[in-house]
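Please examine the sequence and the model shown below before reading on.

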Amino acid sequence: MRYLLITLMIFGLTLPVYSATVEQIRVSQNDQMTRLVFDLDESVSYKTFTLQNPARLVIDISGGNTNTKLKLPALKDTPVKNIRQGQLNPTTLRLVLDLH
C-alpha cells in the first residue's frame, strides 16, 4: 500500500495542467470591417502586439495549448492572409495572423 501511495504521488506530480485550446476560428465581415472570433474551451488572458515587414498581429494566450486539428476558416477577401499557431513555451500559445 505504501508503494501504491508513493506511485500515485509521483504520477500526480507529472500530470499535465489542463490548458485552454482554440476549438474554432470564425470569420464574418461586412463593407466596413472583418471580425475574427476565436472559440476557446475556457476563459484565458492574452496579450497582443503587431510586427512589421511583413505585417502581422500576434496573440499570446496564457495557459493556451496548440490544437493540431484546428481548421482555418476561409480568409479570402479579408485583411488576413494566414493564421499560424505554435507553442511559445509550455504555458503560452502564440497565434500569428499574417496580414495583407
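Two strands are said to pair if DSSP finds at least two bridges between them, and the strands themselves (E, at least two residues), like helices (H or I, at least four), are DSSP runs numbered from the N terminus. The model is a predicted one, in which local features need pLDDT of at least 70 and side-chain atom pairs count only at pLDDT 80 or more, whereas totals for chains, interfaces and linings use all residues. Residues are numbered from 1 along each chain as its sequence is written, and side-chain values use heavy atoms, with hydrogens and water left out.

**Strand pairing**

Strand S1, which covers residues 20–29, pairs with S5 in the parallel sense over two bridges, and glycine 64 in S5 is the bridge partner of alanine 20. These strands belong to an open sheet of three strands with mixed pairing, ordered S2-S1-S5. Its edges are formed by strand S2 (34–40) and strand S5 (64–65), each of which pairs on one side only. Strands of a sheet pair through backbone hydrogen bonds, either parallel or antiparallel.

Strand S4 pairs with two other strands, and its partners can be described one after the other. With S3 the pairing is antiparallel and runs over seven bridges, and leucine 51 stands opposite arginine 56 in S4. S3 and S4 form a hairpin with four residues between them, and in the turn asparagine 53 has a positive phi of about 55°. With S7, S4 again pairs in the antiparallel sense over seven bridges, and here arginine 56 stands opposite aspartate 98 in S7.

How enclosed is S4 by the rest of the structure? Five of its seven residues are buried, so S4 is largely enclosed by the rest of the structure; buried here means under 20% relative accessible area, exposed means over 50%, and partly exposed lies in between, with a 1.4 Å probe and protein chains only.

**Salt bridges**

A salt bridge is taken as a side-chain nitrogen of Lys or Arg within 4 Å of a carboxyl oxygen of Asp or Glu, and by this rule the count comes to three. They are set out in the table below.

| Aspartate 39 | Arginine 26 | 2.8 Å |

The salt bridge between aspartate 39 and arginine 26 has an N to O distance of 2.8 Å. Aspartate 39 lies in strand S2 and arginine 26 in strand S1, so this pair ties together parts that are 13 residues apart in sequence. Aspartate 39, at 21% relative accessibility, counts as partly exposed, and arginine 26 counts as partly exposed at 39%.

Because aspartate 60 lies in strand S4 (residues 56–62) and arginine 94 in strand S7 (residues 92–99), the pair ties together parts that are 34 residues apart in sequence. Aspartate 60 counts as buried at 12% relative accessibility, while arginine 94 counts as partly exposed at 25%.

Arginine 84 counts as partly exposed at 39% relative accessibility, and aspartate 98 counts as buried at 14%.

**Surroundings of arginine 94**

Which residues are in contact with arginine 94, leaving aside its neighbours within four places in sequence? They are Phe49, Val58, Ile59, Asp60, Arg84, Gln85, Gly86 and Leu88, where contact means heavy atoms within 4.5 Å. The C-alpha atoms of arginine 94 and serine 62, which are 32 residues apart along the chain, are separated by 8.9 Å.

**The largest pocket**

A pocket is found on a 1 Å grid over the protein atoms alone, as an open set of points where a 1.4 Å probe fits, with protein on both sides within 12 Å along at least five of seven lines, and its lining residues have an atom within 4 Å of a point. The largest pocket has a volume of about 290 Å³. Of the 15 residues that line the largest pocket, Leu36, Phe38, Leu57, Ile59 and Leu97 are the closest to its centre. At least two lining residues come from each of S2, strand S3 (45–51), S4 and S7, and S2 gives the most, with four residues.

Key
Grid points are joined across faces, edges and corners, and a volume is the space filled by probe spheres set on the points.
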